[in-house]
Amino acid sequence: MREEGVEVERLRKVFGKKTALEEVSFTVEPGAVVGLLGPNGAGKTTTVNCLSTLLPLDGGRASVAGHDVAGDPAGVRASIALTGQFAAVDDMLTGRQNLVLFGRLLKLDRRAAAARAAELLDGFRLGDAADQPVKSYSGGMRRRLDLAAGLVVKRPVLFLDEPTTGLDPVGRQEMWDMVEGLRAEGVTLLLTTQYLEEADRLADRIVVIDHGRVIAQGTPGELKNQVGGQVCEVRAEPRERTLRVLRERFGDVAESGGGVVTVRGADPGTLTDVVTVLREAGITADDIRLRRPTLDEVFFTLTGAKADREHEEVG
Amino acid sequence: MSVITETGLLAGRNLRRFAKSTQLVADSLLFPLILLFLMLLVFGELVDDASGGRYIDRLAPAIVLFSAAYGAVGTGLGFFTDLRGGIVDRFRAMNISRLSVLGGRIVSDLVRVLLVAAVTTGVAHAVGFRFTRGPLAALGFFAVVVLFAWIFLWLAVVVAMSAKSEQAVSGALSSPVTLLLFLSSGFVPVDQFAAWLRPVVRANPLSLATDALVGLSSGGEILRPTLFTVAWAVAATVISVPLAVRLYK
């Protein structure tokens with residue numbers, strides 16, 4: 001049995017008539033950062049809540065740091081830190097009072113709790129606001145305090161549930177720096193996110209879930225290949241002819257909203273090809289650009305691919 | 001050992017929150033005093049004449065108890081906020097006893113009730129309320145207040161965990177408490193109620209605890225009303241505490 005990783009096998013969770021998790025299986029190797037990626041309602045938070053013993057499992061099994069989630073919840077709780085989607089700190093208390101409270105609840109004595117709080121406040125760049133009530137903090141500061149609260153006592157496994165949802169770009173960047181710092185320390189980290197970019201940047205491996213099922217997993221590179229490279233967006237008139245011309249040459253061409261024609265499965269070479277094809281047809285493009293697939297497109301591709309496979313199995 | 005430490009830490013946190021919300025402190029302290037003077041002004045002479053007694057002897061205990069019961073609304077709302085805000089999830093994901101979070105809430109709010117009771121009786125002293133039965137009876141007075149508050153605080157915790165919204169929490173708590181007040185012998189003597197209502201008024205824990213407090217302050221029957229109050233508290237404990245613990249899981 002692995003000492004510090006997370007193992008999830010056929011995890012199932014039902015709320016009344018609604019099945020939140022159909023069947024979720026994945027592994028987080030000790031010291032690895034795994035991103036659980038999915039849209040709202042995919043089951044990300046439910047998965048984290050099951051793993052952190054906040055919700056009982058309805059099927060399957062899971063172990064965290066060698067402790068069975070159902071059989072030894074106390075062992076799990078002693079091995080994890082959880083930072084939730086909503087900053088779970090006391091907004092009436094100051095940042096310092098919060099961290100001292102959590103430290104003392106985690107059985108540090110008064111002096112050790114105070115010392116650890118001071119250390120964390122500095123490390124998370126909250127030193128100046130340490131003695132201000134949390135309700136005066138910015139969203140980013142609250143999240144950092146929340147993360148710090150999870151680290152008062154060092155734990156081998158950390159769950160971060162949507163650590164940057166609702167943060168402005170500066171706050172997000174700061175949070176990413178903190179998470180990268182933790183990764184460098186060798187903490188095992190399971191991070192949920194709706195942002196492909198975030199998973200891409202922070203995670204060693206990404207597990208994509210939708211409707212309570214794992215629909216893909218792999219390294220960011222592997223997933224991108226599965227999704228099929230980038231997207232080339234073309235804005236040109238007349239649109240009908242642009243669409244036709246491009247369709248003759250490229251496989252996956254679609255018309256998206258706002259007069260934009262998209263060529264999927266593109267790479268930097270595609271850009272040159274598109275320009276050539278359009279010039280040969282005598283079409284002047286207003287705008288041509290290459291971008292990464294959006295999360296929507298990733299899901300479209302992944303769920304589409306999954307549906308195809310099911311057809312094959314049936315046929 | 002650790003349950004007690006954790007409960008103390010969490011109760012300390014709740015009290016700190018209370019102390020920092022000036023509005024809440026002012027409301028909890030002023031509300032009973034306003035009620036006290038208002039009732040004294042409006043009904044004082046009337047009841048003094050009707051019952052031949054001193055209205056303040058009964059009014060002060062009744063208001064102490066009513067504010068203790070009404071404080072349960074604050075308990076319910078406070079706990080509901082903690083549940084929804086995610087901080088309770090943080091506590092639950094930590095390796096601390098399940099009882100500590102509930103215990104911390106009850107202990108802190110009992111302290112708050114005692115504080116309000118002390119201030120209310122202190123001010124009532126200025127308008128003639130007296131502890132005439134000695135220090136032990138005075139201690140008993142506050143013990144009965146705690147016992148009475150205990151009933152409503154656990155109820156508040158159960159309501160907070162079952163309710164879907166803040167409005168539901170305060171609705172489920174404030175209406176019954178207000179009804180309890182009007183159907184009690186706290187403000188109006190029992191014999192002023194319609195005959196068919198009297199048994200209800202007599203069995204009302206607010207009436208019983210008021211009787212006990214009157215006995216322990218200005219004098220009167222002590223044992224019977226105190227025992228009935230204890231019986232209410234035991235009944236509430238048997239029902240609410242296991243329910244609260246189960247809901248918390």
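Mentor: Ground rules first. Residues are numbered from 1 along each chain as its sequence is written, and chains are lettered from A and ligands numbered from 1 in the order in which they are written. This is a predicted model, where local features need pLDDT of at least 70, side-chain atom pairs count only at pLDDT 80 or more, and totals for chains, interfaces and linings use all residues.

Trainee: What makes something a helix or a strand in chain A, and how many are there?

Mentor: Both are DSSP runs numbered from the N terminus: helices are H or I with at least four residues, strands are E with at least two. Chain A has 11 helices and 14 strands. Its C-alpha trace spans about 75 × 50 × 35 Å along the principal axes.

Trainee: Why is Ala65(A) called buried?

Mentor: A residue is buried if 20 or more other C-beta atoms lie within 10 Å of its own, exposed if 12 or fewer, and partly exposed in between, with C-beta atoms placed from the backbone. Ala65(A) has 20 C-beta neighbours inside 10 Å, so it counts as buried. Of the 315 residues in chain A, 42% are buried.

Trainee: And why is Arg10(A) called partly exposed?

Mentor: Arg10(A) has 14 C-beta neighbours inside 10 Å, so it falls in the partly exposed class. Arg10(A) sits in strand E1 (residues 6-15) of chain A.

Trainee: What is the phi of Arg10(A), and what is the phi of Ala65(A)?

Mentor: Most residues other than glycine have a negative phi, and most peptide bonds are trans. Arg10(A) isn't a glycine, yet its phi is positive, near 50°. Ala65(A) also has a positive phi, about 50°, without being a glycine. You'll find Ala65(A) in the loop between strand E4 (59-64) and strand E5 (67-68) of chain A.

Trainee: Which peptide bond is cis?

Mentor: The one from Glu237(A) to Pro238(A), with omega near -5°. Pro238(A) lies in the loop between E11 and H9 of chain A.

Trainee: How do you know that the buried residues of H9(A) are on the same side?

Mentor: Helix H9 (residues 239-249) of chain A has the buried residues Thr242(A), Val245(A) and Leu246(A). They cover an arc of only 95° around the axis, so they sit on the same side of H9(A). That arc is taken from the directions from the helix axis to the C-beta atoms. The face turned away from the buried side of H9(A) carries the exposed residues Glu240(A) and Glu248(A).

Trainee: What do the buried residues of H9(A) pack against?

Mentor: Strand E11 (230-236), strand E12 (253-256), strand E13 (260-266) and helix H10 (268-280) of chain A. Residues are in contact if their C-beta atoms, placed from the backbone, lie within 7 Å.

Trainee: What makes E12(A) and E13(A) a pair?

Mentor: Two strands pair if DSSP finds at least two bridges between them. E12(A) and E13(A) are joined by four bridges and run antiparallel, which meets that rule. One example is Ala254(A), whose bridge partner in E13(A) is Thr262(A).

Trainee: Why do E12 and E14 of chain A count as edges?

Mentor: The open sheet has four strands in the order E12-E13-E11-E14 (chain A), with antiparallel pairing. E12 and strand E14 (285-291) of chain A each have a single partner strand, so one side of each is left without a neighbour in the sheet.

Trainee: At what angle does H9(A) run to E13(A)?

Mentor: H9(A) lies across E11, E12 and E13 of chain A, at about 15° to E13(A). H10(A) lies across E11, E13 and E14 of chain A, at about 165° to E14(A). Axes are lines fitted to C-alpha atoms, for helices over the stretch in contact, and angles run from 0 to 180 degrees between N-to-C directions.

Trainee: In what sense do E6(A) and E7(A) pair?

Mentor: E6(A) and strand E7 (residues 157-161) of chain A pair in the parallel sense over four bridges. Thr83(A) stands opposite Leu160(A) in E7(A). Both faces of E6(A) are covered, with Ile80(A) and Leu82(A) buried on one side and Ala81(A) and Thr83(A) buried on the other.

Trainee: How many residues does each chain bring to the contact?

Mentor: Chain A gives 19 residues and chain B gives 17 residues.

Conventions:
Two residues are in contact if their C-beta atoms, placed from the backbone, lie within 7 Å.
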